[in-house]
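Trainee: Hi! Could you walk me through this one, bit by bit?
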Amino acid sequence: MSYINVENVVKEFKVVRREKGLINALKSLFHREYDIVTAVDHISFTIDKGELVGYIGPNGAGKSTTIKMLSGILVPTAGRITVDGVIPHQNRKENARRIGVVFGQRSSLEWDLPMEETFDLFQKIYRIDDRMYKRNVEFYVELFAMQSFLKRPVRQLSLGQKMRAEIAVALLHDPEILYLDEPTIGLDVVAKNHIRQFIKRINSEKKITLMLTTHDMDDIEQICDRIIMIDQGKLLYDGFLQNFKEKYGGEYTITVDFAYAEEGREVDPRLQLVSIEGQRKVYVAHRSVIETTEALRYFIDNFDVSHLNIREADIEDVVRNAYVKG
Amino acid sequence: MRVFSGHKSQSTTILFFTLFKLSFIKAFQYRGYILVTLFSALLDVFVRISLWTALFRANPVVQNTTFHDMINYMALTGLLMLVQMSGVDDRLANRILQGSIATDLIRPYSLKLFIFAQTIGDNLAHFLLFVFPVYTGVLVLFGMRFPPTLLHGLVFVATVINGAVISFLYYYIIGMLPFWLESNWYVRFVNYAMFTLFAGAFVPIWFYPDFLIQISYYLPFRYITYEAVTFYLGRTGLPAMPAVLLRQWVWIGILLGLEVALWKAGQKKLTVYGG
Amino acid sequence: MHYFRLYLQFIKIRLTSIVSYRGSFFAGVIAQFLSYGAGFFATWLLVKAFHELNGWTPYEVLLLYGMNLFSYALAAFFFFNLAVDIENLVISGRLDGILVKPVNPFLYLICNGFNVAYFSHISLAVFTMIICFRGLGISLTPIMLVMLALSILGAALIHAAALVMTSVPAIWMLRVRFSDILYWGMREFINYPLSIYNRAVQVILTFILPYGFISFYPAQLFLGKEDYLFHPSLPYATLPVGLGLFFVAYRFWRYGIDRYQGTGT
């Protein structure tokens, strides 16, 4: 039996159907229809102690719903979840002591007060004894470099600072598992990088089992050992990052603005033409076939090019790819 | 007033009706909400009818007022909710508090007209869904009064229109306060107190002691619906008509001046301090 | 003990917040004072103009207001946040944030809801009640004071139960404001003697939504009236009714949270 077990889990929601217009609004006074939305559809996976797992998929794939079921907030419609032998929703409080949860798009910090006050509050909530509390506050203030903004009201902090504070607060009671729901959403590149470094260090230094949801491909590449990918509630991939990249990643698009209409000239067959828009042509290629540098050089050496743009595949492309390859 | 004469172009008219329709449709969105609101409006009326019944049990005429007078007063004041522009203040205040006022200022429409359209749409929906059925029900049940003369009726209409303008300007001014305040959630409590004591919202002012009545003449609240209703019921004679209309116009003038001055000051504050 | 320490922590946090918004805070206190005060005054003036309301003098009617406000403020002091703010908590996802903590969400929300503003309601209510007792020439004996305290405790539990129960639909994201009718609407009834309504309403407000026990029945312990309705023992029933109702409300709220998590359906 693994540390975290998810077996054939399903979660359905009932949603009222709303239609546009006055007539429909009037109609809905008397009669309304519901849709059953399946947010999570027969998903199974296991996670071992100390793993760092990226739980990925596009927006609305069912990532947050899964995290909520794992943390005991939501009860699965069908299937079974155990975390260290405990069913989260049946033993919500016991499970809660063992986990830390950070929801990226909402805050558990006290808006008008400095971080220190929220630390104090969490000590009371989790009944953390004074020694452990002091040690952890010192450790995380140091690790997350929070010294400079510890005394400022939370509302004045930058998004990156707030996210660091959120993660620190979720770790004060020494949880064995940390769930991070979109920890880098809305952050700038520098702040994203900081958060990624911190996440890696928590996992390696504190040996905390870590599961993070994201739809940012860079998050996945830079921190995850293992990937679980879902879309529309269904599991699409579960395995090592390396295999994942080989299987689905490595695709990129090159957009080329030619200086002259290059009628009739053959382009290297390893670059697949997907669209033409006047003098702008878009090609798709794969790293295993032709490296990006080689592709760039090929265009520059052989054509009169006024503009070149390379875009790495994002999560939507990867998911599309996964469907194609099955 | 710009709002009421301001259908400057066809696009303004279209904008007005689109907003109006949107507010109107929104009110129909939630079935439960409608049923609940309707029911609570019924309860409210039931409590007040019970109250007046009990009060008039000992004496059928108190201060020249009968039970039937009171029912008509209550229903009329209730129906005139249509011209009470409460909601204008929150709409404007929220724009200022959330900072979207800055974008409103650069959009090609009159903010006043915008808010007016939304409020009227909302009011009309509420009127049709709750106010009209409940109070016409009451009037049918207990007997509806008509103005003593046609002229009383015409004066009623004129004072109601003036009252609507006063109401709109009052709430618009209240809505501007967040230019200077950090929040405004408590303003509605002050409004409640003012409308209870000086507008005859629940108890007609004529039951009050003289000192309160005297104060009420120096505040705008009684000129919104109270004066109109007393004309309708024939409690105010026609000789008082010019004085009442004049006072309403004076209040419109005062509020309009205040509104323009505050708006200028507020805009200045916005541009100087960046909101 | 755990929740008591948590409560103290939240009190500290709320008080610190108030300091940073003290302008609004004081304006709010004054405005609420004005609003309730105006309502009281208007009712008193009205009954005074008619001399009496179904045998109740102006001060007697005002005492109903005072007891109602006192018990409401006491209930709201602990439960307003839990009951009225729950919809926001659900929409913003903060309820999820509470459910991942090892706490009882009900107690947590009570602690979190510490709200100083209700001291203004309570002081106005006490002020009103003192005026009433003085105006009526009643001096309270120690036994009457104990009775008054127990009645107000019971009445507060009734208010609390109503607040808690009406919040459950909001947990389920039903946009229906049951609170509007069952609570805020019905609250108007009990500002006047129950005996002015017809029999059906009296039955409802005594046996189904027992708001009559908030002020109408217990007030008669002090006023020496015999406006009993149904049974002369009812003025003593406020505390037991409050305790029973609150227990039911708490169970219903827990059921509400269970269903939010997806078990209760």
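Mentor: Happy to. Let's begin with Asn64(B), which sits in the loop between H3 and helix H4 (67-79) of chain B. Keep in mind that this is a predicted model.

Trainee: What is the phi of Asn64(B) like?
Mentor: Phi is positive there, about 65°, although Asn64(B) is not a glycine. For background, most residues other than glycine have a negative phi.

Trainee: And is Asn64(B) buried or exposed?
Mentor: Asn64(B) counts as exposed, at 62% relative accessibility.

Trainee: What about Asp174(A), what is phi there?
Mentor: Asp174(A) has a phi near 50°, again a positive value in a residue other than glycine. You'll find Asp174(A) in the loop between H6 and S6 of chain A. With a relative accessible area of 31%, Asp174(A) is partly exposed.

Trainee: Which residue does Asp174(A) form a salt bridge with?
Mentor: The partner is Lys206(A), and the closest N and O atoms are 3.5 Å apart. That pair links distant parts of the chain, 32 residues apart: Lys206(A) is in the loop between helix H7 (189-205) and strand S7 (209-214) of chain A. Lys206(A) is partly exposed too, with a relative accessible area of 27%.

Trainee: How many salt bridges are there over all chains?
Mentor: A search of the whole structure finds 24. One of the pairs is Arg98(A) with Asp84(A), at 3.2 Å from N to O.

Trainee: Why does the pair of Arg98(A) and Asp84(A) tie together parts that are apart in sequence?
Mentor: Arg98(A) lies in helix H3 (residues 92-98) of chain A, while Asp84(A) is in the loop between strand S4 (78-83) and H3, so the pair ties together parts 14 residues apart in sequence. Arg98(A) is buried at 14% relative accessible area, whereas Asp84(A) counts as partly exposed at 37%.

Trainee: Back to chain B. Where do Asp44(B) and Arg48(B) lie?
Mentor: Both are in helix H3 (residues 31-58) of chain B, four residues apart, which is about one turn of the helix. Asp44(B) and Arg48(B) form a salt bridge, with the closest N and O atoms 3.0 Å apart.

Trainee: Buried or exposed, that Arg48(B)?
Mentor: Arg48(B) counts as buried, because its relative accessibility is 12% and the cut-off for buried is under 20%. Asp44(B), at 22%, is partly exposed.

Trainee: Which residues are linked in a network of salt bridges?
Mentor: Lys192(A), Arg196(A), Asp216(A) and Asp219(A) are linked in one.

Trainee: New topic: how many residues does the contact take from chain C and from chain A?
Mentor: The contact takes 31 residues from chain C and 29 from chain A. About 2600 Å² is buried between the two chains, and carbon and sulfur atoms give 58% of that. In chain C, Val100(C), Pro102(C) and Gln261(C) lose the most area to chain A, together 26% of what that side buries.

Trainee: How many salt bridges are found across the interface of chain C and chain A?
Mentor: Three. In one salt bridge, Lys12(C) meets Asp120(A), with the closest N and O atoms 3.7 Å apart. Eight residue pairs are in polar contact across the interface of chain C and chain A.

Trainee: Which helix gives the largest share of the side of chain C that touches chain A?
Mentor: H1(C) does, with 12 residues. By class, the side of chain C that touches chain A has 13 nonpolar, 12 polar and six charged residues.

Notes: Residues numbered from 1 in each chain as written. Chains lettered and ligands numbered in written order. Predicted model: local features only at pLDDT ≥ 70, side-chain atom pairs only at ≥ 80, totals over all residues. Heavy atoms only, no water. Contact = heavy atoms within 4.5 Å. Buried area = accessible area lost by both parts, 1.4 Å probe. Salt bridge = Lys/Arg side-chain N within 4 Å of Asp/Glu carboxyl O. Polar contact = N/O pair within 3.5 Å; in protein donor to acceptor, adjacent residues only side chain to side chain. Helix = DSSP H or I, 4+ residues; strand = E, 2+ residues; numbered from the N terminus. Nonpolar A, V, L, I, M, F, W, Y, C, P; charged D, E, K, R; others polar. Buried < 20%, exposed > 50% of the residue type's maximum accessible area, 1.4 Å probe, protein only.
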